[in-house]
Amino acid sequence: MKLKSYFLIAVLALLSTACNEQFLDINTNPNSLPTASPNYIFTNALRQTASNMLGPNETASYWSGQWTQSNGYILSTTIFTYNFTNGDFNYWDGYYDNLQDYQVVIDNADAQNQKFLKGPAKVMKALLFQQLVDMYGNLPYTEALKGVSSLAPKFDEQQAVYDNLIKLLDDAIVDLKANAFASAFAGSDIVFAGSNTKWIRFANSVKLRILMRQARVAAKEATIKTEINKIVTEGSGFITGEDVGIGSASFWQPADGQMNPIYESWGYSAAGAKKALNNYPRLTKYLIDGLKTSGDTLRLKRIAYAIGGEGSTAGVSTRAEIAANYAGVPFGASSGYLPTTVSAPGPSIIAKGAFNRPYLIMTAAEIQLNLAEAKEKFGTGVSLPGTAQSYFEEGLVQSFRALGAATTGAAAFKGSKIENYDYVASTNKLTAIAYQKWLASCNFTGLEAWAEYRKTGVPVTPQSLGVPDAKRPVRLFYPNTEGGSNSANVTAQGTVDVFSTKIFWDID
């Protein structure tokens, strides 16, 4: 692995702290470790996490069958005909640079009398490694993040990394319980504003995600049940009723380079002009038609804009917001679908002037649906207090809430007999849970949607129109940067076939 550079340029002021000048005055020497106070490094690391997740979430939104592109641009062959190499989709370097920032916080928090940052930094470290495994499989873990003392770290087995992340999250919770967040530094925490209670619940929620991602691996069943029961016994619970996001109304600023990354990419400039890529992503025909067929029009109007896009009123479509005015694009279509004739990602993520929404990294809906899956699959083997049905139905409620739709719309599906919406009537409960996870992730957490799609095969989305066979990507190549700087360890992983070298939890 190449020696990582540490560009900790603070582009955003912390309005809620009294140390803004120190935050902006961060070491930027690419040849030395950061010398700034851990709290400033932590804030910038969180901001960088939001920026880094944008690319994987976009790519995965396509490959999970939620998004495609309009024909106002030349069709991307790397995305829609899967014609990519180890020079494409390099999310590896950015993630490892970001992980090094969190490691610096962990390593220096004690000496700087900021022990309260160790727990949150470990939670974020676990989250990023989980996503890296889901993209790349085996990777450097035990020898990673050691700077010049380990320039060519060995790769760890992906299953072993997952196992170690559970231990890391347990360590994080110990740190969080032992070290109250100093109120004077609450502004450096742009996720939970210094709430250790919420960080513990988030740690449990990340742990639940890691455990349930492996739910179809028979050899892991006993461990999964044991670990879930440990969470229940610990007693802090999970994130409920709210989503986990980076940044806030006081953090993201109305200046180019300082806005929510989604708004910055596909929304508007600080001056209010549409971004060049505003017309690029579009919702798939499969997604739009499925929402219409199910009568899920409340979420439809929040996931997508009607044909013609956003009108003069922020967050409201130009055309009447009726089902007939929403249209998707067949996945991978190369012509016939100009931007103004199909539905763009909607007001749930892009509305003019809404530059300061948090960048979501986990939704409450995902957590509830993971709980539903755990209870449905393992039954009395897990001591969760709710039923699979109650968690499922709450997952729908939280999905509606996160999108900005009236939550009463979720309750309307109880007893509706609609497959994958009405828990009781659905013929395959695990399929219904998987389908609702897929919907709940739309526009927010594409990488999780793609991971769950690879894990379950749900929903059965159409193949890209530009692909003549049934092959689809199941992972990414190791990037050529890693192959060049850590070649022996990359070579030791064997030949990677992005269509058949599956991540360990993808068992069929």
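Mentor: What follows sets computed values against their cut-offs, and the model is a predicted one.

Trainee: Why is alanine 273 called partly exposed?

Mentor: Its relative accessibility is 42%. Buried means under 20% and exposed means over 50%, so alanine 273, at 42%, counts as partly exposed.

Trainee: Where is alanine 273 found, and in which loop?

Mentor: Alanine 273 sits in the loop between helix 9 and strand 3 (281-283).

Trainee: What is alanine 273 in contact with, leaving aside its neighbours within four places in sequence?

Mentor: Gly267 and Tyr268; contact requires heavy atoms within 4.5 Å. Separately, alanine 273 and lysine 352 are 79 residues apart in sequence, with their C-alpha atoms 9.3 Å apart in space.

Trainee: What makes helix 4 largely enclosed by the rest of the structure?

Mentor: The count of buried residues: 13 of its 17 are buried, so helix 4 is largely enclosed.

Trainee: Which elements each supply at least two residues of the lining of the largest pocket?

Mentor: Helix 9 (261-267), strand 4 (359-362) and helix 13 (388-403) do. The space in this pocket is about 270 Å³. It is lined by 16 residues, and those closest to its centre are Ser348, Arg357, Pro358, Leu360 and Phe444.

Trainee: How do the residues of that lining divide?

Mentor: Into 10 nonpolar, three polar and three charged.

Conventions
Residues numbered from 1 in each chain as written. Predicted model: local features only at pLDDT ≥ 70, side-chain atom pairs only at ≥ 80, totals over all residues. Heavy atoms only, no water. 1 Å grid on protein atoms, 1.4 Å probe; cavity = no way out; pocket = protein on both sides within 12 Å on 5 of 7 lines; lining within 4 Å. Points joined across faces, edges and corners; volume = space filled by probe spheres on them. Helix = DSSP H or I, 4+ residues; strand = E, 2+ residues; numbered from the N terminus. Nonpolar A, V, L, I, M, F, W, Y, C, P; charged D, E, K, R; others polar. Buried < 20%, exposed > 50% of the residue type's maximum accessible area, 1.4 Å probe, protein only.
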